[in-house]
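Please read it alongside the sequence and the coordinates.

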Amino acid sequence: MIRNSLIILLATGLLSCNQPAHKQPNADTAKTEAADTTLTDKSIVDDSAADKLISSDTSTMGTVATDRLILPGKGIGHILIDQDLELALKQLGKPDSSDAAMGSSLMVWFAKHNTKDYRTSIYSHRNMGGKDESISRVQKILVTSPWFKTAGHLGVGATLDAVKKDYSLKPVNRYKANGHDVQVYTDADKGISFEIDDVTKKCVAVVVHKAHEAASAYINMH
């Protein structure tokens, strides 16, 4: 009798060992996976918006990658003109500096959070008194990184002569940076401005804004 009982217990133990283990994920792992899924979903939504905009303009196809593309009057990378600022914040994270007044705001991000490194600046504005007053919409985007390019491969580092071949430029503003005078040239009909160092005659920043915007509306985003 005792022998039979031992055989039954041994068989039960072997069956238990052959069953697949169901490991319970710890709380940290589950949280990380959920966060990754959320970020991926947001990325898909944001990317598709930029991709849809770019695909509607066949002149940009097959030239510069979506996340690097400067589209005059429309946007830079995945940040689009007239976009809800909250979407831009999801893309770029918390700004390194910000200033807001009278329904307008200027936010700045520095590469590696180093103020001497490349900058991305976004100027946004609320339609005070309008139906969408609660939404701050992107009005201008500035970049100083040469990583971003137009479909014609123009951007920071391009010479003034090269830029003039693709755009009808009008001088609209001047400022000083690093001891040099910088002249701002705007192609208002296309919605893009190039900031040109007076000494090197090369572009030091690109600003995208709405097309047909008056040159006098140019804002120094430094």
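In what order do the eight strands of the open sheet stand, and what is the sense of their pairing? The order is 4-5-6-7-11-10-9-8, and the strands pair in the antiparallel sense. The model is a predicted one. Its chain holds four helices and 11 strands, and 34% of its 222 residues are buried.

**Sheet layout**

- From one strand to the next, the twist averages 20°.

- Strand 4 and strand 5 run antiparallel and are joined by five bridges.
- Within this pair, Ala100 stands opposite Ser105 of strand 5.
- The two strands form a hairpin with two residues between them, and Met102 in the turn has a positive phi of about 55°.
- Strand 5 also pairs with strand 6 in the antiparallel sense, here over seven bridges.
- In this second pairing, Phe110 is placed opposite Arg119 of strand 6.
- Six of the seven residues of strand 5 are buried, so strand 5 is largely enclosed by the rest of the structure.

**Strands 9 and 10**

- Six bridges link strand 9 (residues 180-187) with strand 10 (residues 192-197), and the pairing is antiparallel.
- Gln183 has Ile196, in strand 10, as its bridge partner.

**Largest pocket**

- The largest pocket contains about 410 Å³ of space.
- It is lined by 16 residues, of which Thr144, Ala177, Asn178, Val204 and His222 are the closest to its centre.
- Strand 8 and strand 9 each contribute at least two residues to the lining of the largest pocket.
- The lining of the largest pocket comprises seven nonpolar, five polar and four charged residues.

**Second largest pocket**

- The volume of the second largest pocket is about 320 Å³.
- Its lining consists of 19 residues, and those closest to the centre are Leu92, Thr120, Val143, Trp147 and Phe148.
- Two or more lining residues of the second largest pocket come from each of helix 3 (85-92), strand 5 (104-110), strand 6 (119-126) and strand 7 (136-143).
- By class, the lining of the second largest pocket divides into 11 nonpolar, six polar and two charged residues.

**Burial and contacts**

- Where does Val207 lie in the chain's secondary structure? Val207 belongs to strand 11 (residues 203-209).
- Is Val207 buried or exposed? Val207 is buried, because its relative accessible area is 0%, and buried means under 20%.
- Val207 and Ile219 are 12 residues apart in sequence, and their C-alpha atoms are 9.7 Å apart in space.
- Among the contacts in the chain with a separation of 6 or more, 43% are between residues 24 or more positions apart.

Methods:
Residues are numbered from 1 along each chain as its sequence is written. This is a predicted model: local features need pLDDT of at least 70, side-chain atom pairs count only at pLDDT 80 or more; totals for chains, interfaces and linings use all residues. Side-chain values use heavy atoms; hydrogens and water are left out. Two strands pair if DSSP finds at least two bridges between them. Axes are lines fitted to C-alpha atoms, for helices over the stretch in contact, and angles run from 0 to 180 degrees between N-to-C directions. On a 1 Å grid over the protein atoms alone, a cavity is a set of points where a 1.4 Å probe fits but cannot get out, and a pocket is an open set with protein on both sides within 12 Å along at least five of seven lines; lining residues have an atom within 4 Å of a point. Grid points are joined across faces, edges and corners, and a volume is the space filled by probe spheres set on the points. Ala, Val, Leu, Ile, Met, Phe, Trp, Tyr, Cys and Pro count as nonpolar, Asp, Glu, Lys and Arg as charged, and the others, Gly among them, as polar. Buried means under 20% relative accessible area, exposed over 50%, partly exposed in between (1.4 Å probe, protein chains only). Contact means heavy atoms within 4.5 Å.
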